[in-house]
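Me: Hi! I've got a model open and would like to talk through a few spots. Could you help me read it?

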Amino acid sequence: MYGETEPATAGASERTAFRQAEKKYKLYKPPSTKGRGRKKLTGGGVGDLSEVVDFHALLAGGVELPDGILRCDCPGFDLPVFRFLDRPGFYFIPGALSTEQQCFWIRESLKTFPQPPNRTNLTALYGPIFDLLTAAQNQKVLLEVQNSDGRESNEQSNSGEKTCTMNFKFVENSKIEKGETRRSTTATTLVRKLRWSTLGLQFDWSKRNYDVSLPHNSIPDALATLAKKMAIPAMPSGVEFSPEAAIVNYYGPSDMLGGHVDDMEADWTKPIVSISLGCKCIFLLGGKTRDEVPRAMFLRSGDIVLMAGEARERFHGVPRIFTESDQQEISGLVSQLSGDDDRFILDYIHSSRININIRQVY
Ligand SMILES: O=C(O)CCC(=O)C(=O)O
């Protein structure tokens, strides 16, 4: 999660096993097939991925399960689940979502989840933005406008208080005149700048806790139903997961998520249900300190991981997403997102990853 707490000194952080692994995978470059003349890529790329666990390859069979990894049958759950012997509470469900389901959740993540009252990283800059995806699909521009009383947005009110009205509205690109001095940004740029949105109980990043006083909708029914079903392997028998909040992370080509522990929820016995969509990435699952060497694994579109109990205390993060055309592994999505309405989304997902993680807060 964004807003991680760093160890006391940056130097100490740089030396930890977790940081070393983050660096190694962030800097990874695949061997080049056409890299002549581009110094770095000749000679077979930078770094190697031989230690990254590939659960899809294990699922396909034909290879022995590596030491310390087991495939388990979970009562009441009909999908294959993998676990690490030395990391109890962590569950990997490869290919949990069909391509159709993945497309549905990608559309929802871009169209519905950023809708107010849900907040996003853009809310603090522009105020609530409605229908961002539609505006981007129609090549609109978000333009600063005057309030009805003639004040520019963000001006001081008579009482001296900052009103923080932040009035912006979408307009046709053609309506922006040459020399326009008001702030404006294309909706496409804003979608690309989307980094997170919060559903259900709203998370306050500055205080690193949930602010129950903020207006919010409950978790969409379909997402809650999915999370309840997928949480089964990590739940005590007969107890149902109760989704109350979700954080949606949007990753662009060079984005990463630094090592952190998710410790803001009251009950750590309940899992975080974490859904991957779009480009493949490397996920690191470390120990209770950054000094423990993390396990690295690929996460692909449609994979789900659960972190419950002891696994909730482990550092984890995403050092690398793969946007290179031969490494994204999104061919299923590409063939499914073929309608006119999906053109923008298809372009977006070629260089992006989305993660939806669903939590029971209390
Ligand atoms: O993107 C991911 O798979 C992990 C997200 C995560 O760890 C978080 O939001 O706390």
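Me: In what sense do β13 and strand β18 pair, and over how many bridges?
Reply: β13 and β18 (residues 316–321) pair in the antiparallel sense over two bridges. Strands here are DSSP runs of E, at least two residues, numbered from the N terminus, and two strands pair if DSSP finds at least two bridges between them. This is a predicted model, where local features need pLDDT of at least 70, side-chain atom pairs count only at pLDDT 80 or more, and totals for chains, interfaces and linings use all residues. Residues are numbered from 1 along each chain as its sequence is written, and side-chain values use heavy atoms, with hydrogens and water left out.

Me: Thanks! What stands opposite leucine 257?
Reply: That's valine 318, in β18.

Me: And what is the strand order in the open sheet of five strands?
Reply: The order is β1-β16-β15-β18-β13, with mixed pairing. β1 (52–53) and β13 (257–260) are the edge strands, each pairing on one side only.

Me: Switching topic: is serine 197 buried or exposed?
Reply: Serine 197 is buried, as its relative accessible area is 0%; buried means under 20%, with a 1.4 Å probe and protein chains only. Serine 197 sits in strand β9 (residues 196–200).

Me: Last one: which way do the β4 side chains point?
Reply: Phe90 and Phe92 point one way from β4 (residues 90–93), Tyr91 and Ile93 the other way, and all are buried. β4 runs antiparallel to strand β17 (residues 304–307), joined by four bridges. Phenylalanine 90 has methionine 307 as its bridge partner in β17.

Technical notes:
Buried < 20%, exposed > 50% of the residue type's maximum accessible area, 1.4 Å probe, protein only.
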